[in-house]
Structures are given as C-alpha cells and as structure tokens.
Amino acid sequence: RCKNFSVSFWNSYWMLPSDVCGMNCFWEAAFRYDYAKRHPSEKMHLAVVACGERLEETVTMLRSAIIFSIRPLHFHIFAEDQLHESFKDTLDKLPYEGKINYTLYPITFPTKSAAEWKKLFKPCASQRLFLPLILKNVDSLLYVDTDILFLRPVDDIWSFLGKFNSTQIAAMAPEHEEPRIGWYNRFARHPYYGVTGINSGVMLMNMTRIRRKYFKNDMTPVRLQWGEILMPLLKKYKLNITWGDQDLLNIMFFHNPESLYVFPCQWNYRPDHCIYGSNCKAAEEEGIFILHGNRGVYHDDKQPTFRAVYEAIKNYSFGDDLVHSLLQPLELELQKTTHTYCGRVYKVFIKQLTKSIRDLYARRSKGR
C-alpha cells in the first residue's frame, strides 16, 4: 500500500516525496507501466449505457476518462435514440482529436424478451449484460455506470487484464467492505459472490473469454454459455432480485467464483465507504482511484463531498491549468463538507487526484 502523506495542494504541489509509495505500491506501479510499455498502441475500450436524464452525467464521466488517460480510448455509448444527437454534438467539440473515438449504439435487447429486460431495475441498466454478444469484435472492455468519475488514468485499471489468471474473465469490486452494513449478506434472497457480494458499476471484462466460457449454474447440470444463461436466470430469480442485472451477475459468479478477479474498494468508491465512517482502508492509504456516485449523490445535497468532485470535473475547461482550475477550488469546496462523515475524510478524495495531475504534467514535460 502507499504510505500516507500530507501536502498543501498548491503551495507544496511539486514537493511530493520520492518515497511516497512503499515497495508494494512501487511494484504495482511498475507492473502497470510495464504493461503499458508492452502494449503502447493498444486502444482501450470503455462502454456506458445512458437513458433518461443521464446525458450530462455521462459526458462528465467521459471527460474524467479523457483528462488523465495515456493510451487512445474508444467509447462505446449505448443510449436512447433521442440522446444520440446531443452526444454527438458534445463529443465532437472535445479537443482531443486522435486520442478518443466513439461509437453510438441504440438500446437493444433480445427481441422476444426486450420489454422484460428493459424494465428490470432501472431503464436500460441490463443492457450491460448483452455487451459481449453485441460487441463481437471487441476483445476486452471496461464497462462503467454513468455516475463514475476517473481520478487516475483508465490505463491503470485496464492493466488488470494482464493480471487475470487463466480462469478469470472479469473483474469487479466488493459491494461492501463492512459486513455489518452489507446488503447482500443481510437481505439477499438469492446466491451472491463472496461475503458481501460484488458491485457491477465498474466491470472490466475479457469479452473473448466470456464468449467462450461454459458456466456452471443451478438450473441444469449442463454448463451454459453467456448468451444461453441470461434468460433462464432471469426466469428463475426475477421474483427474488432487487438490483436487477447486478444480482444476476452475483448469481453467476457465485457458481463460478474462479472466473472473477476482485479489485480493491478504491477502484469503485461509493458513499457506503464513508457515510457511516470510513471503511475503505485502501482509499485511506492511497486515495480514491474511481469515484462512484450512486443513488444520485452528485445531484442532491445528501453527500456534498461527492457532489463537489462531480461539479469540479464537470466545470473544468480542457486546457486550463489543472492545479489552479480544478484541484485548488475543489479542495476549498471539500473543506466545507467536514460536517459530514465523508467530508471528514475529504483528503482521500484528492490524494490520488493530486498525484494524477502531477504525473500528467511530468509526462507532458518529458514529451517536449
């Protein structure tokens, strides 16, 4: 883990100690950069599903991915038809030509059961289950919910693909760190992965392996492929699932635990990690890598710490100095949230962001 460090985020910005990471952190970083070095031209594929009033939130997520990422990004955006023109207008104005490409797709479900899939949990949410079947020419993919914000390069979570063993096909984070407040272990009426279940808001997939795998299940002694197992699972458990497609993924990986790579909580940091007191130790040590503002916390006053990060990235103008235009005003806003549990640990919200900005400027300096 990275050692704790304190820094005045603008006066001492360039004075981060060279030993800020311990040996574990050093080797993790070495692995990521070695992976990037061995795959310099590999395009990273990121997918999101947007329905209803999610245009602004989705664009803010995409902006956060663009700011820090090193290698080219291809966005696969699944959206309702009425949102396509707005996405196109917005994305075509972004100033990073050559670094990003995007493809817009309609929302599509299997014809015979389209209505049933669309009404499962939130509108369109279950679209993610069909990505391996729709994006047949994509080998690997990072799926994220619209309410995700990247506080470090997408390259770093993408490099986990190189850590998969021969049986692993996907990576996700636990749903909870603290079982006493866990939902699955207290309320679920269906099988779920591990002690507290898994959260599907950030899901890294080796899609080639997913398409090839035959899954164990509790419906038949015969193993089923991805496209064969989804509808039978829905039929069996539809009266027992609360969180829709995420519950189906939990059931799947309960029966196939060897197929899942579990990454730590700072790669999918949600309000549950701080609203009752800080319980993501990895984030306390290293900072938050990916922020997940579920339950609409970017848009109300219940968790002002999360909202402050969202507003800072949404309002940042590409090309402006990141320290003075993003980091400095963000810290000032976060200091106003210390009356909340999440606000009391506000420095975990900017610890990694500070390092990401420093690393970005270091890369630019070397490239001159």
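**Strand pairing and helix packing in the predicted model**

Overall, E4 and E7, the latter comprising residues 198–206, are joined by five bridges and run in the antiparallel sense.

Strand E4 has a further partner in strand E1, which spans residues 44–50; two bridges join these strands, and they run parallel. Within this pairing, Leu46 has Leu142 of E4 as its bridge partner.

Strand E4 covers residues 140–144, and five of the five are buried, so the strand is largely enclosed by the rest of the structure. Both of its faces are covered: Ser140, Leu142 and Val144 are buried on one side, and Leu141 and Tyr143 are buried on the other. In E7, nine of the nine residues are buried, so this strand too is largely enclosed by the rest of the structure.

Elsewhere in the chain, helix H13 (residues 322–334) packs with helix H15 (residues 348–367) at an angle of about 170°, and their axes are 11 Å apart. Because angles over 145 degrees count as roughly antiparallel, H13 is described as roughly antiparallel to H15. On the side of H13, the contact is made by Leu322, Val323, Leu326, Leu327, Leu330, Glu331 and Leu334, while H15 contributes Phe349, Ile350, Leu353, Thr354, Ile357, Leu360 and Tyr361. The residues of this contact comprise 12 nonpolar, one polar and one charged.

The loop between H13 and helix H14 (341–344) contains Thr340. This residue has a relative accessible area of 13% and is classed as buried because that term applies under 20%. A polar atom of the Thr340 side chain lies 2.9 Å from the backbone nitrogen of Gly343. When neighbours within four places in sequence are left aside, Thr340 is in contact with Pro304 and Thr305.

Notes
Residues numbered from 1 in each chain as written. Predicted model: local features only at pLDDT ≥ 70, side-chain atom pairs only at ≥ 80, totals over all residues. Heavy atoms only, no water. Buried < 20%, exposed > 50% of the residue type's maximum accessible area, 1.4 Å probe, protein only. Helix = DSSP H or I, 4+ residues; strand = E, 2+ residues; numbered from the N terminus. Pairing = 2+ DSSP bridges. Axes fitted to C-alpha atoms, helices over the stretch in contact; angles between N-to-C directions. Parallel < 35°, antiparallel > 145°, perpendicular 65-115°, else oblique. Contact = heavy atoms within 4.5 Å. Nonpolar A, V, L, I, M, F, W, Y, C, P; charged D, E, K, R; others polar. Polar contact = N/O pair within 3.5 Å; in protein donor to acceptor, adjacent residues only side chain to side chain.
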